[in-house]
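Here are a few worked exercises on secondary-structure packing. Have a go at each task before reading its solution.

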Amino acid sequence: METILFNDSPEDLYKAAELIKNGEIVGIPTETVYGLGADASNEDAVRKIFTAKGRPADNPLIVHLADFNDAVKYTSHIPEIAYKLADEFCPGPLTIILPKNDKIPSVTSGGLDTVGIRVPAHPVMRRIIEISGCPIAAPSANTSGYPSPTTASHVMYDMSGKISAVVDGGQSEFGLESTVISIENEDTVRILRPGCVTSEHLSRICRNVIIDKAILKEVEAGETVSSPGMKYKHYSPQADIVLLEGAIEAFTEYVGRNYGDDVYGLIFDTDAESFPYRYLTYGSNDSQLAHNIFSKLRELDEMGAKKVFVRAPSKEGVGLAVYNRLIRAAGFEVIRI
Ligand code: TXA
Ligand code: MG
């Protein structure tokens, strides 16, 4: 199959929406990362997503709507707190898990009786939802296990020949996937995947915000998880990633002791001046680190890196989301120095 590259002109968005309406799958920009979109109610179309990504069938897809008020069409119950959260954070990088109804087929929900609802903010994604008239199921548009794509060329790299089209809508603003939450009761939500809507943001609307323990540690074999995605190896480039937690002096010394061909540091902009080894930087505050992390991991692969020592972000605010992706990219190899 030849994968067409569309731009964000009205004509191209119309063609992309038509493909989705007709049961094809298309790479679409969102403000978090690029998604691989299909009509969420069309089982055959949704199966194509799992095949193109090589994704396990029990890992559910998020359903994207243009307006949170449309969630009533696809769910059996919406708690009051979900509306309050949606008022504050939708459109935006938040996914709310709700009980699904039979408009959402079991393939889309990975066999669960719930569905993640997200209202994206990116105008291209919004336009495609509106023109197609479809609820759009979309996981991140990477090959399963590889870092999520934040540009159209990342999607092309992973998906060319496997999907009908990619729409180029520029670089993703946030660079990390949405915050995924479940609702425990009217006062309590649980963060299943951290993102740019942080626990501090959620606390403004909801009294109790629980950070699921699987966010900061490896899920053990046989352990029950609230979100199937927590079980799988994720976000890993070809290079071996090691996350080092500590000051730049200790970081530099550690890299020096383990240096060799094709070894790199991935450090903060502010570290660069004194760092004597091969490196890339990924920003100097948490939002920048989030914006850049996936594209830098891909860039390191392109450069032929075999081992990358990454300077760990803080676990506060958006830093927690970056940290969560990095420990998975590192296969949980975190060293405190
Ligand atoms: O920002 C995003 O969320 C991007 C863009 C494209 O919208 N999408 C995305 O989808 O990251 P994906 O499939 O790569 O990650 C969705 C995560 C997975 O870890 C999945 O297990 C979890 O959300 N998830 C989806 N539906 C769920 C459900 N009903 N219950 C629990 N976890 C769910
Ligand atoms: Mg993903």
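**Exercise 1.** How many of the six residues of strand β12 (residues 240–245) are buried?

*Solution.* First, some ground rules: this is a predicted model, where local features need pLDDT of at least 70, side-chain atom pairs count only at pLDDT 80 or more, and totals for chains, interfaces and linings use all residues. Residues are numbered from 1 along each chain as its sequence is written, chains are lettered from A and ligands numbered from 1 in the order in which they are written, and side-chain values use heavy atoms, with hydrogens and water left out. Strands (E, at least two residues) and helices (H or I, at least four) are DSSP runs, numbered from the N terminus. Buried means under 20% relative accessible area, with a 1.4 Å probe and protein chains only. By that cut-off, five of the six β12 residues are buried, leaving the strand mostly covered.

**Exercise 2.** Work out the strand order of the sheet that holds β12.

*Solution.* Step one: list the pairings, where two strands pair if DSSP finds at least two bridges between them.
- β12 and β15 (residues 307–311) are parallel over five bridges, with I241 bridged to V308.
- β12 and β16 (residues 334–336) are parallel over three bridges; here E245 partners R336.
- β13 (residues 263–267) and β14 share three bridges, also parallel, and I267 partners T281.

**Exercise 3.** Which strands does helix α7 (residues 248–257) lie across?

*Solution.* Contact means heavy atoms within 4.5 Å. Helix α7 lies across β12, β13, β15 and β16, running at about 170 degrees to β15. Helix α9 (residues 319–329) lies across β12, β15 and β16, at about 135 degrees to β12. Angles run from 0 to 180 degrees between N-to-C directions, using axes fitted to C-alpha atoms, for helices over the stretch in contact.

**Exercise 4.** Describe how helices α1 and α4 pack.

*Solution.* Start with geometry: the axes of α1 (residues 10–21) and α4 (residues 123–132) come within 8 Å and cross at roughly 55 degrees. That makes α1 oblique to α4; oblique is what remains after under 35 degrees (roughly parallel), over 145 (roughly antiparallel) and 65 to 115 (roughly perpendicular). Next, the residues: α1 contributes L13, Y14, A16, A17, I20 and K21, while α4 contributes V124, R127, I128, I131 and S132.

Terms used: Buried < 20%, exposed > 50% of the residue type's maximum accessible area, 1.4 Å probe, protein only.
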